[in-house]
Amino acid sequence: MKIYKERDYEAVSKRAASLVANQIKAKPDIVLGLATGTTPIGMYKILVEKYNSGEISFKKVRTVNLDEYRGLSDTDKNSYHYYMNEILFSKVDIDLSNTFLPNGMAKDPEKECQAYERLLRSLGGIDLQILGLGENGHIGFNEPGTAFIEKTHLVDLAESTIHANARFFENIDEVPKQAYSMGITSILGAKQILLLVTGESKAEALAKVINGPVTEEVPGSVLQRHWDVTIICDQAAASKLGEV
Ligand code: F6R
């Protein structure tokens, strides 16, 4: 694991965007695994700036997102489809037919999960997977207790995740209770992994991910088993690294 401790959120976003931009330059048709949530927003903003200044192009880039809420359509403003369009896709020259997320409106969840795994394979696997970290140690929506062997699957969200995500919804009852998520096996299949972690509320989870035992109770701890992981965190998130 390569670990970069940056001063603050801005510095984390900058380093992450540089790393991603360099990978796009090295492989213009790269397959990027994308995360949503608050953490990567700064990185996406800087990537858009790099596109606007002519430093990078997304013309041939292919993307697969980690997850999507079940029951939300592409146009729902809380869906991850909507987030990706707003924050990145509509602002760069990406070909939308090269962007993929699980279909939250799929009629048959099992078929949808199998189709998503087939898609990952047909793209030749993920070159660089970007991840955020849940306060409970989740990656994607792989909640504590999820078997490492899982591929893309339908998840019952943990109560703590529903509460953490309620800030985006009018009220907590509107937060979907289920989501599609790539599994740990799908994530570990990526050639390179970039984990972004900021804020004190993630400090304990990050300490467990880096220094704790590899356990399904802390899904992110499985990253210790991957051969090419880069973690970029701020000082607040790194504040408990000495404690586990
Ligand atoms: C989002 C995702 C989640 C988030 C995590 C952290 O696609 O897969 O695992 O990365 O919940 O979310 P934020 O960044 O909002 O703290």
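Two strands count as paired here if DSSP finds at least two bridges between them. Helices (H or I, at least four residues) and strands (E, at least two) are DSSP runs numbered from the N terminus. This is a predicted model, in which local features need pLDDT of at least 70 and side-chain atom pairs count only at pLDDT 80 or more, while totals for chains, interfaces and linings use all residues. Residues are numbered from 1 along each chain as its sequence is written, and side-chain values use heavy atoms, with hydrogens and water left out.

**Stop 1: the whole chain**

Start with everything selected. The chain holds 7 helices and 10 strands. Its radius of gyration is 17 Å, close to the 18 Å of the globule rule for 244 residues, so the chain is as compact as a globular protein of that length. That radius is taken over C-alpha atoms, and the rule is 2.2 Å times the number of residues to the power 0.38. Along the principal axes, the C-alpha atoms fill a box of roughly 45 × 40 × 35 Å. Of the 244 residues, 54% count as buried (under 20% relative accessible area; exposed is over 50%, partly exposed in between, with a 1.4 Å probe and protein chains only). Look at contacts (heavy atoms within 4.5 Å) with a separation of 6 or more: residues 24 or more positions apart account for 79% of them.

**Stop 2**

In which order do the 7 strands of the open parallel sheet lie? The order is 1-10-9-6-2-3-5. Select residues 2-6 and 99-100 to see the edge strands, strand 1 and strand 5, each of which pairs on one side only. Next, select residues 31-34: this is strand 2, joined to strand 6 by 2 bridges, and the two run parallel. Show L32, which stands opposite L128 in strand 6.

**Stop 3**

Another open sheet has 3 strands in the order 4-8-7, with antiparallel pairing. Strand 4 (67-69) and strand 7 (153-156) are at the edges with a single partner strand each, so one side of each has no neighbour in the sheet. On average, neighbouring strands of this sheet are turned by 25 degrees against each other, direction ignored; the axes are lines fitted to C-alpha atoms, for helices over the stretch in contact, and angles run from 0 to 180 degrees between N-to-C directions. Select residues 178-181 for strand 8, which pairs with strand 4 over 3 bridges. Within strand 8, S181 is the bridge partner of D67.

**Stop 2: the aromatic rings**

Rings (for Trp, the six-membered ring) pair if their centres lie within 6.5 Å; planes under 30 degrees apart are stacked, over 60 edge-to-face and the rest tilted. A search of the whole structure finds 5 aromatic pairs. Pick Y44 and Y83: their ring centres are 6.4 Å apart and their planes at 75 degrees, so the pair is edge-to-face. Y44 sits in helix 2 (residues 41-52) and Y83 in helix 3 (residues 80-87), 39 residues apart. Buried or exposed, what is Y44? Y44 is buried at 1% relative accessible area, and Y83 is buried at 13%.

Move on to Y80 and F141, a stacked pair with 6.2 Å centre to centre and 20 degrees between the planes. Y80 is in helix 3 and F141 in the loop between strand 6 (128-131) and strand 7, so the pair ties together parts 61 residues apart in sequence. Y80 is buried at 11% relative accessible area, and F141 is buried at 3%.
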